[in-house]
Amino acid sequence: GVVHSYDVLHGVDVDPRLNTSRTSLVVWFIDHDNKNNNMETETTEDIVEVNQSWLLHTGPGDDIGQFILALASESGFESDGGEMKLKNACDQFDLNVSSGSKGNAFALTRLGQLCDDDMLSNDYYLRIDSFLRKLNPHNPFLPKKIGEHGNANISNGEGTFECKKLAKALWYDASMRGNRISQVSLADELMLEYMTAASSDDAPYCRVDMLLM
């Protein structure tokens with residue numbers, strides 16, 4: 001058996017000889033004592049109302065806790081509808097951006113999917129673009145800087161930015177940190193672009209460059 005805190009990300013290495021049907025029993029122990037809570041952005045009343053109160057025990061520098069809280073608020077389901085309490089207690093997009101800005105590969109991967117699905121607003125685009133350039137200014141998939149987009153206003157940041165342009169840059173950073181989902185997503189996207197590239201004088205060279213990446 002294994003006992004660990006909720007914010008320990010882990011996998012299971014199963015001996016191939018034992019790789020047969022098996023059952024896992026997972027038990028959560030809930031601590032309803034909020035005296036040691038260090039969540040600065042939530043009140044005690046908010047935490048008491050949330051069934052999974054331990055998820056809110058995360059600080060501004062806890063990238064793993066932020067990602068887990070974002071994941072739980074996005075995908076959680078409870079028979080009594082209690083998951084809505086958690087969803088209302090936090091902003092999953094803001095948490096993923098905050099976690100991703102610290103280099104969390106899981107958050108970067110999730111943000112890549114959100115951008116690819118064009119689910120984020122201009123404000124998030126600007127924040128993601130900003131932290132990606134700080135994490136790795138040599139990321140080959142960074143789009144042109146804000147203001148160089150034809151439909152954006154460089155003076156005030158207004159305009160409609162295409163979040164999809166950030167997906168590959170996010171997946172690349174996550175891939176460099178060892179996230180296999182991002183590696184597959186980036187490879188699939190590059191292959192799609194290779195297969196659907198418009199015909200032009202330099203298109204063959206662009207397609208080769210994308211495959212080499």
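**View 1. D173 sits in helix α7, which spans residues 164–176.** Helices here are DSSP runs (H or I, at least four residues) numbered from the N terminus. This is a predicted model, in which local features need pLDDT of at least 70, side-chain atom pairs count only at pLDDT 80 or more, and totals for chains, interfaces and linings use all residues. Residues are numbered from 1 along each chain as its sequence is written, and side-chain values use heavy atoms, with hydrogens and water left out. Leaving aside neighbours within four places in sequence, D173 is in contact (heavy atoms within 4.5 Å) with L108, L132, L135, N136 and N139.

**View 2. Helix α5 (residues 105–116) passes α7 with the axes coming within 8 Å and crossing at roughly 160°.** The axes are lines fitted to C-alpha atoms over the stretch in contact, with angles running from 0 to 180 degrees between N-to-C directions. The two helices, α5 and α7, are therefore roughly antiparallel to each other (an angle over 145 degrees). Residues that meet include L108 and D116 in α5, and K164 and D173 in α7.

**View 3. K164 forms a salt bridge with D116, the closest N and O atoms being 3.3 Å apart.** K164 lies in α7 and D116 in α5, so the pair ties together parts that are 48 residues apart in sequence.

Key. Parallel < 35°, antiparallel > 145°, perpendicular 65-115°, else oblique. Salt bridge = Lys/Arg side-chain N within 4 Å of Asp/Glu carboxyl O.
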